[in-house]
Amino acid sequence: MTMARATSSTRSFLGHSYNLVGVVSSLVILAWTLVAIFAPYIIPHPIGDIVDDDYFGPMRQGLWLGSDYLGRDMLSRVLMGARYTVGISLAAVSIACFSGVVLGMIAAVTGGWPDTCLSRFLDAMNSIPSKLFGLVVVAAVGSSIPVLILTLAVIYIPGAYRFARALAVNINTMDFMTVARVRGESTVYLIGSEILPNIIRPVLADFGLRFVFIVLLLSGLSFLGLGLQPPLADWGALVRENIGGLPFAAPAVIVPSLAIASLTISVNLLIDNLPQKIRDRDA
């Protein structure tokens, strides 16, 4: 009976096992990604237009997610919010992980004082609370999309660096690395051809986790009023500006919260249910 349940929940495709949770999570992520790409073409109303005479209006035909505190269409604002939330978070995590992984591999291969100096500097950066660092930077230079992307990337570079360096140090002690050095291979070859292929799978899993962290941090900054400025709004900003509708259980405050939860939980579940060959570097 147990084997039958396992077979029903786990399938095999192209040599990788997968289960229903992983498939559903990937479909949710794909749906939000498509929404982020095509949002300007599928929104029913311009995000700044007031289309309802009442504020915090209920769900009804023509306003499928109700209206916000000014009477604007919430469906349009949530769809466009996906574009900013997913886009900014994806850009920031790409910069953070690329920079951190490259620096981590360089430090592991070179060792010595470059490794020590870089590690101590990034450890000091990592000791600064992320929200405090974001508040200081945004308050000092202003809130814009490039500033948010760079700020979020800088906050998560130290973590990506430490993770990649720990993996690369283990690989650097193996026999095939010694053989490559004896052959006279360059540092670039060692990093690109020997270390990176052996750590890419856990790095991709770490990429997904850091994407979740950045989504939550971006939403937190926006909720504090330091994210995107009106009329632009990501999901965190939508929650903040419609918080007055919470006593009325208004869709305007509930739907953006559910959107944040659906994206972050789906990414976490997808990582937890990745095939073993992808998730584990030794598989």
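**A buried charged group and its surroundings**

Mentor: The side chains of Glu241 and Arg77 form a salt bridge, 2.9 Å from N to O (a salt bridge is a side-chain nitrogen of Lys or Arg within 4 Å of a carboxyl oxygen of Asp or Glu). Glu241 belongs to helix H9 and Arg77 to helix H3, so this pair ties together parts 164 residues apart in sequence (helices are DSSP runs of H or I with at least four residues, strands are runs of E with at least two, and both are numbered from the N terminus). The model is predicted: local features need pLDDT of at least 70 and side-chain atom pairs count only at pLDDT 80 or more, while totals for chains, interfaces and linings use all residues. Residues are numbered from 1 along each chain as its sequence is written, and side-chain values use heavy atoms, with hydrogens and water left out.

Next, the cover over these side chains. With a relative accessible area of 13%, Glu241 is buried (buried means under 20%, exposed over 50%, and partly exposed in between, with a 1.4 Å probe and protein chains only). Arg77 also counts as buried, because its relative accessibility is 3%. Side chains of opposite charge can pair when their charged atoms come close.

Glu241 has another partner. It forms a salt bridge with Arg72, where the closest N and O atoms are 3.8 Å apart. Here too distant parts of the chain are linked: Arg72 is in the loop between H2 and H3, Glu241 is in helix H9, and 169 residues separate them. Like Glu241, Arg72 is buried.

Asp206 and Arg210 meet in a salt bridge at 2.7 Å, N to O. These two are four residues apart in helix H8, so about one helical turn separates them. Both Asp206 and Arg210 are buried. Returning to the group around Glu241, salt bridges with shared partners join Asp68, Arg72, Arg77 and Glu241 into one network. The whole structure holds ten salt bridges.

Leaving aside neighbours within four places in sequence, Val93 is in contact with Phe207, Arg210, Phe211 and Ile214 (contact means heavy atoms within 4.5 Å). Val93 lies in helix H3, and it counts as buried because its relative accessibility is 0%.

Now the record. In an unreviewed entry, UniProt lists residues 82-271 as "domain: ABC transmembrane type-1"; such annotations may be inferred rather than shown by experiment, feature names are shortened, and positions follow the numbering used here. In the model, residues 82-271 are 83% helix and 0% strand, with the end C-alpha atoms 21 Å apart. UniProt also places "transmembrane region" at several spans, including 207-228 and 248-271. Residues 207-228 are 77% helix and 0% strand, and their end C-alpha atoms lie 24 Å apart. For residues 248-271 the values are 88% helix, 0% strand and 36 Å between the end C-alpha atoms.

Last, the chain as a whole. It has eleven helices and two strands, and 41% of its 283 residues count as buried. Its C-alpha trace spans about 75 × 60 × 30 Å along the principal axes. Of the contacts between residues at least 6 apart in sequence, 70% join residues at least 24 apart.
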